[in-house]
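Thanks, everyone. Please look at the structure first.

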Amino acid sequence: MDEKGTPAPVRSTGPVRLLVRLRFLLTGIALLLLPPERVSVGIVVMLTGYAVFSWLLSRYWERLSPHASRCLPLIVADTFVASAILGVGGPSGAFFLATLFTSTAAGVRYGVRGVAGVSTLQVLGYLAAVFVPSGGPVEAGATVWTGVQVVVVHPLLYPVAGHIGLRLRGLFEELTSEQERRRVAERAAAAAEERTRLARDMHDSVAKTLRGIALAAQALPLWLERDPERAAATAAQVVAAAGTAVREIRELITDLRESPAGPSVADGVAAVLREWSAQTGVAAGLCVRGTPLPLPVVARHETVAVLREALTNIDRHSAAETVTVELAAEAEHLVMTVRDNGRGFDPVLPLPGRYGLVGMRERAARAGGSLTLTSATGSGTTVTLRVPMADTPSEDREPSP
């Protein structure tokens with residue numbers, strides 16, 4: 001607990017468990033280094049029991065620590081056993097160091113009040129262990145410095161160790177607060193990025209479709225007067241474009257409802273290919289080479305968006321009969337290659353706005369990657385996108401449609 005008795009940060013669990021493990025190891029070392037003249041059944045049983053209790057605490061800390069903090073007799077018993085061991089085995093050595101870790105762990109886990117109580121109990125127990133068995137602070141023949149060290153310096157090390165624990169606790173609390181502030185900032189940045197992305201997608205899809213509907217609707221009165229058949233065809237185009245706008249809006253809503261992890265990029269690519277092939281009648285296939293790592297959220301979204309734009313351009317301009325998409329993992333990058341066998345074009349003399357190259361390259365840049373395009377008249381077009389992958393391996397092999 002802290003100064004007000006509130007629980008310690010969850011982040012302190014690991015350090016406290018480490019300190020208790022060190023207590024366990026030093027207790028085992030003290031048992032092994034016990035002088036022959038001090039070996040007895042009682043001291044061996046006490047050291048063994050203390051070591052086992054320390055191991056249980058370190059192994060099941062989350063389960064046992066709440067009981068240890070609420071059960072005062074357990075803390076008193078732990079201090080009493082430690083004092084008894086110091087009284088028999090001597091007030092110095094490995095076991096004394098093990099008792100110091102108790103104060104440090106109390107400072108990390110329980111705060112000022114906890115460390116004050118534990119350190120006070122330990123000091124009293126230590127002094128009792130020094131004075132009670134021999135009736136004095138030191139044995140005969142000891143130097144004055146040894147007496148001062150045993151009676152003054154050693155007891156003062158308990159509050160010092162507790163203070164170290166308090167400082168560690170403060171560092172963990174600052175780290176927790178800093179990470180929480182960073183998470184808040186990341187969420188705000190992600191929300192801003194999502195708003196920007198949504199606006200961009202609406203501009204690239206729904207806005208263009210609605211603009212086309214508006215232009216066609218404006219021409220309807222004129223065609224009704226001059227060419228009723230053309231007017232009927234234009235009305236049919238308006239209806240089809242309205243259906244397209246509804247579908248694009250639904251896609252945006254579905255994308256917004258996706259979880260942050262979302263589907264793998266191969267799943268997204270496969271779904272887009274199936275839908276596009278069903279709508280256009282153009283044969284489309286997906287080939288996955290290797291086991292690509294997962295993409296960050298932005299990179300995954302932009303990769304699928306680049307594919308959509310490429311397929312839209314193929315449908316509008318290339319008159320292709322087949323389209324092949326390949327996903328491959330190459331040097332910590334995901335490479336997506338989109339090939340068609342359409343009419344192609346001369347890249348030296350591109351038409352303004354043709355193939356939406358500017359938008360696709362901007363999307364590649366937002367994903368931290370790059371985009372290249374190769375084409376020749378009569379030889380089809382190839383779009384290649386390279387984006388960096390995440391750092392953790394993917395658990396699922398990305399399927400092909």
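I start with Arg23, which forms a salt bridge with Asp78, the closest N and O atoms being 3.2 Å apart. A salt bridge here is a side-chain nitrogen of Lys or Arg within 4 Å of a carboxyl oxygen of Asp or Glu. The two partners come from distant parts of the chain, Arg23 from helix H1 (residues 13-32) and Asp78 from helix H4 (residues 72-89), 55 residues apart. Helices (H or I, at least four residues) and strands (E, at least two) are DSSP runs, numbered from the N terminus. Arg23 is buried at a relative accessible area of 4%, and Asp78 is buried at 13%. Buried means under 20% relative accessible area, exposed over 50%, and partly exposed in between, with a 1.4 Å probe and protein chains only.

Before I go on, the conditions. This is a predicted model, where local features need pLDDT of at least 70 and side-chain atom pairs count only at pLDDT 80 or more, while totals for chains, interfaces and linings use all residues. Residues are numbered from 1 along each chain as its sequence is written, and side-chain values use heavy atoms, with hydrogens and water left out.

By the salt-bridge rule the count comes to eight. Two further ones are in the sheet region. Glu326 pairs with Arg289, with the closest N and O atoms 3.4 Å apart; Glu326 is in strand E2 and Arg289 in strand E1, 37 residues apart. Glu326 counts as buried at 18% relative accessibility, whereas Arg289, at 37%, counts as partly exposed. Arg386 forms a salt bridge with Glu330, at 3.5 Å between the closest N and O atoms. Arg386 lies in strand E5 and Glu330 in strand E2, so this pair ties together parts that are 56 residues apart in sequence. Salt bridges that share partners join Arg289, Glu326, Glu330 and Arg386 into one network.

Now the sheet. In what order do the five strands form the open sheet? The order is E1-E2-E3-E5-E4, with mixed pairing; two strands pair if DSSP finds at least two bridges between them. The edge strands are E1 (283-289) and E4 (370-375), each pairing on one side only.

E2 and E3 pair antiparallel over eight bridges, and Ala329 stands opposite Leu334 in E3. These two strands form a hairpin with two residues between them, and Ala331 in the turn has a positive phi of about 50 degrees. E3 and E5 also pair in the antiparallel sense over eight bridges, with Val387 in E5 as the bridge partner of Leu334. E4 is joined to E5 (residues 381-388) by six bridges, again antiparallel, and Thr372 stands opposite Thr384 in E5.

Six of the eight residues of E3 are buried, so this strand is largely enclosed by the rest of the structure. Asp340 lies in E3.
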